[in-house]
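Please look over the sequence and the model below before reading on. The paragraphs that follow go from the whole chain to single residues.

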Amino acid sequence: MNLEDIEIFLSIARTKNISKSATNMYMSQSTLSHRLISLEKELGITLFYRSKGKRIMEITPQGYDFIGIAEQWIVLWNETKRISDQGSQLSFSVGAVASLNQHLFMPVYMKLQECMAPKVNISIKSVASSALYSAIDNYELDIGFAVMPSFHNSISSNVIFSENMVLVRYGGGKLGQPVLGEDVNPLDLNPDKEIFLNFHPNYVHWRNCTWNHASIPKFATNDANLVIPALQKQDAWVIMAMSVAMSYAEQIPLTINKLISPPPDRICYILVHRLSRPSKQQIYDMFYDYLNEYLNSLQHKGIITLSKE
């Protein structure tokens with residue numbers, strides 16, 4: 001049994017198809033089938049049911065049990081290879097949606113870098129929520145922060161905090177000290193002055209229900225960095241996550257209002273692989289300590305609400 005045998009098994013378990021797995025593994029179907037049979041003989045168990053005329057490979061109960069062992073085998077192999085390649089130098093990669101990286105987590109990253117350098121290479125990546133899960137699954141990232149849920153057997157995904165979506169307008173406050181105004185009814189806002197910031201499908205649904213589906217925004221973007229210049233036009237307004245609003249308040253004077261019948265809160269999920277790398281446990285522990293301390297400070301300021309899970 002070697003690494004390729006394990007990869008063959010996991011590929012078939014995912015695709016349930018010999019032909020697709022052979023294509024993915026760049027080998028002939030006959031070679032792949034022979035390798036699978038040899039693996040089963042070596043293990044002394046049947047991993048897949050075979051039925052003539054059926055293209056789908058159904059996994060056996062023993063096969064399901066072997067998935068976890070196979071995934072752990074891959075982790076140990078990669079960990080061994082990493083140790084061989086890097087020697088004493090460790091790396092630690094964190095990925096998050098761009099708005100979290102740019103407006104929320106930077107103090108945590110900087111503290112980790114300050115305390116761990118030069119022993120650890122820190123890598124921070126901005127990644128779409130949908131791509132974060134596969135990056136964690138493939139060990140391209142050690143920790144991820146997503147704003148949309150998804151289920152993967154190999155990934156532990158937990159709600160870490162939520163935050164209000166708030167109304168933001170230019171003026172009224174001082175730098176770093178926004179005016180926190182009274183609650184506003186979204187129906188009292190002028191749709192022609194809207195800056196539509198596409199944060200999340202739940203927000204889009206709320207917006208369409210609030211102003212009807214025919215309301216086309218005059219200015220729309222999915223890039224929060226474009227909001228500041230647009231917001232300084234007369235009577236312009238935008239609805240965004242509270243953490244982003246407070247970050248912008250450090251750059252320009254703002255008025256922030258909560259909304260009556262508001263959009264759903266933005267929820268942040270922390271993602272880690274269920275089979276974490278033992279050599280990085282100290283870094284994980286340190287990162288969690290810094291993260292918890294920082295998030296508790298944000299909750300104290302009323303910017304986020306920590307999960308009770």
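## Overall form and selected residues

The protein has a radius of gyration of 24 Å, whereas a compact globule of 309 residues would have one near 19 Å. The coordinates are those of a predicted model. Along the principal axes, the C-alpha trace spans about 75 × 50 × 35 Å. In secondary structure terms, the protein contains 11 helices and 14 strands.

Next come the contacts and the surface. Of the contacts in the protein with a separation of 6 or more, 73% are between residues 24 or more positions apart. Buried residues account for 45% of the 309 residues. The accessible surface of the protein is about 16500 Å², and carbon and sulfur atoms contribute 52% of that area.

Q72 sits in helix α4, which covers residues 61–86. Is Q72 buried, partly exposed or exposed? With a relative accessible area of 42%, Q72 is partly exposed, because that value falls between the 20% limit for buried and the 50% limit for exposed.

The cysteines can be taken next. A disulfide is a covalent bond between the sulfur atoms of two cysteines. How many disulfides does the structure hold? The count is zero.

Two loop residues have backbone angles worth checking in the model. Y139 has a phi near 65°, a positive value in a residue other than glycine. Y139 belongs to the loop between α7 (129–137) and β5 (143–146). The relative accessibility of Y139 is 16%, so this residue counts as buried, the cut-off being under 20%.

S261 also has a positive phi, near 55°, and is likewise a residue other than glycine. S261 lies in the loop that runs between β12 (254–257) and β13 (266–273).

Conventions
Residues numbered from 1 in each chain as written. Predicted model: local features only at pLDDT ≥ 70, side-chain atom pairs only at ≥ 80, totals over all residues. Heavy atoms only, no water. Helix = DSSP H or I, 4+ residues; strand = E, 2+ residues; numbered from the N terminus. Rg over C-alpha atoms; globule rule 2.2 N^0.38 Å. Buried < 20%, exposed > 50% of the residue type's maximum accessible area, 1.4 Å probe, protein only. Contact = heavy atoms within 4.5 Å. Areas by Shrake-Rupley, 256 points an atom, 1.4 Å probe, with all protein chains shown as cover. Disulfide = S-S within 2.5 Å.
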